[in-house]
Structures are given as structure tokens and as C-alpha cells.
Amino acid sequence: MKAGVARAVMALAVCCFGESRREWARAMRAEFEAAAADGRPLLFALGCLAAAWRELLTREEGRFVLTSYALALGLMLPMAALQIGCAVLGLPYLYAGQNGLRGALLDGGTQELLLRGVYQAAVPSLSVLLLLVGVGHLRIAWAMLERDWSRVTRMGSLSLAAAATLILFMAALFLDGSQALLQAMILAIELATVSVVARWHAQLFPPRAEEPAR
Amino acid sequence: MVRKRQPSTQMRVLLEAMSAQRQQWRHGYDLMKETGLLSGTLYPLLMRMTDQGLVEAEWHEPAQPGRPARHAYRLTAAGFALALGLAQGRGDLPSDGAFA
């Protein structure tokens, strides 16, 4: 049990080191085996984790990593959760009748007078669009943490296109699109922030001559 | 004017331990045991001393098969000179020294 915790702490410490300290992280990982053989793996691993966190705070590269994670965990994941929640559970602004997606699709519901024909048929497409925007947030966050900027650009463009389509269709169906518009604006702000992070990354790690820029 | 900084107590302890066997490559865990420094103190020190050219590091093949290669350290000429200077009551870090 204690050995397992020590290994987990050590793995976390190794992950916390930035790219320029990768070799040191490997060195500590190798030395961890000697500490484990000596019966002191947890103390050693905790020390390495403290060292990694100190590095994170004192180096620009570390601050870059912290900013990326703060953006992903503090903005992108909550937005993804909100939009996927809206699409699956149905928050009031998307479906009439306040009964969520299921209620909106039911025949004979209180909303049926409003939802006849085209609108009822459009509900699944609207929820799929919203789901796409939510999943887009998750994929942008993932690609940003992997520093795959071309994928970030691709996913960002797709998410923006899905958000714009959603707003246009809601407007065409005379639905209140103000909440969707607000979320699209948050997506745009999010993408602008990601582009600042990408520029920061390019300054910190300029691409080598033989290495094509990603 | 260039600001000179005195090495911390932990760095002095490490310099003393490494200068005692200057030519010998030392592993991190062995240095921890000898100096009493914890990994959270020793490794940041080693990293910065390597950045400043006071310590050199290289990978050594494992003594036992199946074990990972280990990183080993020893003082450079500049590191040894600093250790000698400290032992004689003088010795300042390079101007970019950032030790607590």
C-alpha cells in the first residue's frame, strides 16, 4: 500500500517537471528505485514532488504549464460540462416546456402546440450541435495540454462553426438564443486565450530549423 | 556592481561532501544519505549547480541487470575551486546564483 502511494507520488512528480527538466525527472525516477530498496520510497517521492512544484513556480516554463492547466480545468472543462449537460439533460433555454430533451421529443406534451412539425424534428439536431460544442471544449483542452496547436486550431474552428450554426438555427426557430450566444462568446474568449498560450509556448520553445512547426 | 551571494548552508554541505571525493561520480541517493539532505532540497541544488557549471552529470549503466541507468554527479573544476574557497573561508557564487 505504502509502496503504491510512493510510486503514485513519484509518477506525479515526474509529470510535474517541464520539458527542460525531463532528464532530471528521469534521474529522480531511477534513484527512486534505490530509495525503495532502502525502505524510504515515500519520503524520497514526496521530496521529489516538492522539488517539482518549486520548479513549476520559479521557472517560466513551469508557470506556462500551470497556466495551461488552470485554463483547461478552470474554464474549458466547466464549459464542456455545462454544454454537454445542456445537450443531454436539456436546460431551459434550449427546449421548451422545461422537461429536457426527453420532454421536448414526447408527443402530447404541453409544449406540443409550440413544437409541432419542423421544430420537433430540429430538436435532435440542435442537441447534437450543442453536444459537439461541449465535446469540442474537451478536445481543445486536451490538445492544448498536449501542445498540439494545429489540432487546437482545427477543433476551435469546428466548435465555433457548430456554435454559430446552433445560434442561427435557434434564431430561425424563434427560440431565445441569448444563452447560446453568451456561450459562443465565452468560446471565442477561450480560443483567444488559447492563442496567447500558443504564442507563449512558441516563445519558450522555438521550433528547431529541422523540425517543422506543428 | 555585480552582487555576490554566499552559498546556503545546504550547498556548503553538498560541496564539502562532493569535494571530499572529487573524481568520484556520486549518485543522488548516496549524496542524500551522506549529507542528510532530503530529495526536495538536494535535487533543486544539483540542478542549479549544474546550470551554473559547478557540477557535471552523466548517465551510468546500472550495476545490476534490470535496474534503470542512474544519473551520477561530480564537481567541475569551478565547483571544486568554490569548495576549496569556502573551506578556506572565502568563496562567492557566480553572479547568477539563485540559492535560498
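Student: What am I looking at, and how is it numbered?
Tutor: Residues count from 1 along each chain as its sequence is written, with chains lettered from A and ligands numbered from 1 in the order written. The model is predicted, so to speak: local features need pLDDT of at least 70, side-chain atom pairs count only at pLDDT 80 or more, and totals for chains, interfaces and linings use all residues.

Student: What ipTM does the complex get?
Tutor: The predictor gives an ipTM of 0.82 and a pTM of 0.58.

Student: And the mean pLDDT of chain B?
Tutor: 85, with 86% of its residues at 70 or more; pLDDT is the predictor's confidence in each residue, from 0 to 100.

Student: How many residues does each chain put into the contact?
Tutor: Chain B gives 14 residues and chain A gives 15 residues (contact: C-beta atoms, placed from the backbone, within 7 Å).

Student: Which element of chain B supplies the largest share?
Tutor: α3(B), with five residues (helices are DSSP runs of H or I, at least four residues, and strands runs of E, at least two, numbered from the N terminus).

Student: Switching topic: how do α2(B) and α3(B) cross?
Tutor: Their axes come within 10 Å and cross at roughly 120° (axes are lines fitted to C-alpha atoms, for helices over the stretch in contact, with angles from 0 to 180 degrees between N-to-C directions). That makes α2(B) oblique to α3(B) (under 35 degrees is roughly parallel, over 145 roughly antiparallel, 65 to 115 roughly perpendicular, the rest oblique).

Student: Which residues of α2(B) make that contact?
Tutor: B:Gly28, B:Leu31 and B:Met32, against B:Ser39, B:Leu42, B:Tyr43 and B:Leu46 of α3(B).

Key:
Two residues are in contact if their C-beta atoms, placed from the backbone, lie within 7 Å.
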